[in-house]
Amino acid sequence: MSLLRDMCYPAPHELALAARALAGEHPARVRLRQVGRSRGGRPLWVLSVAGRGGGEVLVVAGAHANEPVGGATALELARRVAGAAGNGPGWHFLLCADPDGAELHRTPRPDSLLDYHRHFYRPPGPEQPEWAPALLPPDRLPPETLALTGLIDELRPVLQVSLHGTDLGGSWVQLTRDLPGLAEPFGKSAAELRIPVETGASDAAGWASPGPGVFVMPGGGVMGSHSEDTRLSTWCHRGTTTAIVEVPMWASDLVADPARHPDPRGALRALAGRLAGEAARVAELREGVGAADPDSAALLRAVDWTLRLIPQVTAAWTGSGAAAGTTTAALASLDAFGRRLSLRAAAMLLRAVRAQGHPAGPGLDRMVTGWCEEFSARFRARPVAVATQVEHQCRTVLAVHRCLQTGQA
């Protein structure tokens with residue numbers, strides 16, 4: 001696959017071109033169709049590989065604009081299942097759930113965290129296709145969400161897999177229900193590919209973990225580091241069994257250390273204090289910055305949403321019982337989560353002010369540069385090749401499906 005050989009994260013239009021070519025190679029089994037349009041009018045493409053029984057599988061890529069590996073994984077998975085015997089399930093790949101966001105966040109070949117953040121964009125929660133139902137009433141859902149839920153209604157998949165990525169850390173899987181046996185192939189793949197398994201993922205804080213890096217959503221449904229209810233997300237639409245597969249762009253072994261932290265409460269207080277201080281610096285620079293064009297308006301909405309989220313996070317970290325049973329890995333995951341929140345807000349604000357020639361630009365540039373360097377140094381970050389990220393996600397998706405089939409047998 002040339003996009004992987006070039007170490008490149010594909011753009012939505014590149015995904016569509018590659019998918020069209022694959023459909024041309026396998027006209028009897030593979031087809032590409034449009035299932036809707038984004039708010040900006042961009043097409044939402046689904047690539048389907050026909051099977052012969054065994055239910056349907058839906059794979060969703062690009063739900064978060066800043067996590068570009070999913071599209072490459074979807075294409076590679078489609079190639080593999082298209083080339084295999086056709087006696088398995090039908091596979092369907094939503095190539096990019098948020099093409100508008102993906103066009104605003106374009107880092108096809110980031111060679112450092114700083115390079116990645118200089119072009120960073122992640123929309124506010126209500127504008128994210130998977131999370132919008134947890135934050136908006138049904139009559140205000142964006143067209144991307146409606147296309148995704150409509151696809152689930154149409155296919156009624158036995159399995160939905162959402163492909164995600166993290167900037168720095170390790171790999172983990174979140175499940176809407178336990179799939180016994182998944183931890184072993186997941187861990188084996190990560191070890192072979194030198195990807196750390198994130199054993200205390202902040203997104204799954206307090207969730208049951210049947211094996212290292214595998215987490216099962218609780219009945220209450222609240223996201224680990226957020227206040228949204230996962231039961232209202234598209235992951236749980238129609239009660240579908242869903243797996244969310246995360247893989248890092250840069251790896252850090254700190255998120256895989258299972259040792260008990262000597263002072264988790266003190267560490268959490270320190271993390272909360274640093275995050276609050278960094279957010280205050282960004283908020284001060286945000287004052288008086290207006291939107292000069294649609295792109296800067298989108299960036300500033302995302303900055304403001306992130307700044308509103310941060311007090312919720314710091315309150316959760318300093319609340320009673322927040323640090324109970326916390327491991328070194330979990331503290332490292334929370335440390336990374338906090339750093340990326342303030343860094344993302346600063347990076348998006350920098351993009352908005354740079355386009356206007358705003359006087360806050362040079363100071364923001366120095367701040368973003370320094371925070372990226374500190375983040376990378378603190379976690380001893382090492383790059384994970386695009387092809388390696390894709391291989392691990394492919395292996396994990398296929399392992400999830402095998403475990404589901406074994407449980408249903």
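## Terms and model

A residue is called buried at under 20% relative accessible area, exposed at over 50% and partly exposed in between, with a 1.4 Å probe and protein chains only. The model is predicted: local features need pLDDT of at least 70 and side-chain atom pairs count only at pLDDT 80 or more, while totals for chains, interfaces and linings use all residues. Residues are numbered from 1 along each chain as its sequence is written, and side-chain values use heavy atoms, without hydrogens and water.

## Confidence

The protein has a mean pLDDT (the predictor's confidence in each residue, from 0 to 100) of 93, and 94% of its residues reach 70 or more. Over residues 1-5 pLDDT stays under 50. For this stretch the model has twelve contacts (heavy atoms within 4.5 Å) beyond four places in sequence.

## Helix H6

Helices (H or I, at least four residues) and strands (E, at least two) are DSSP runs numbered from the N terminus. H6 covers residues 143-155. Its 13 residues reach 18 Å from first to last C-alpha, close to the expected 18 Å, which is 1.5 Å times one less than the number of residues. Arg156 follows H6 and has a positive phi, near 45°.

Buried in H6 are Glu144, Thr145, Ala147, Leu148, Thr149, Leu151, Ile152 and Leu155. The buried residues of H6 pack against several elements, including strand S1 (30-37), strand S5 (159-169) and helix H4 (99-104).

## Helices H8 and H11

The axes (lines fitted to C-alpha atoms over the stretch in contact, with angles from 0 to 180 degrees between N-to-C directions) of H8 (residues 264-286) and H11 (residues 361-378) come within 12 Å and cross at roughly 155°. H8 is therefore roughly antiparallel to H11, a term for angles over 145 degrees.

Glu278, Arg281, Val282 and Leu285 in H8 meet Leu364, Met367 and Trp371 in H11.

Conventions
Angles under 35 degrees count as roughly parallel, over 145 as roughly antiparallel, 65 to 115 as roughly perpendicular and the rest as oblique.
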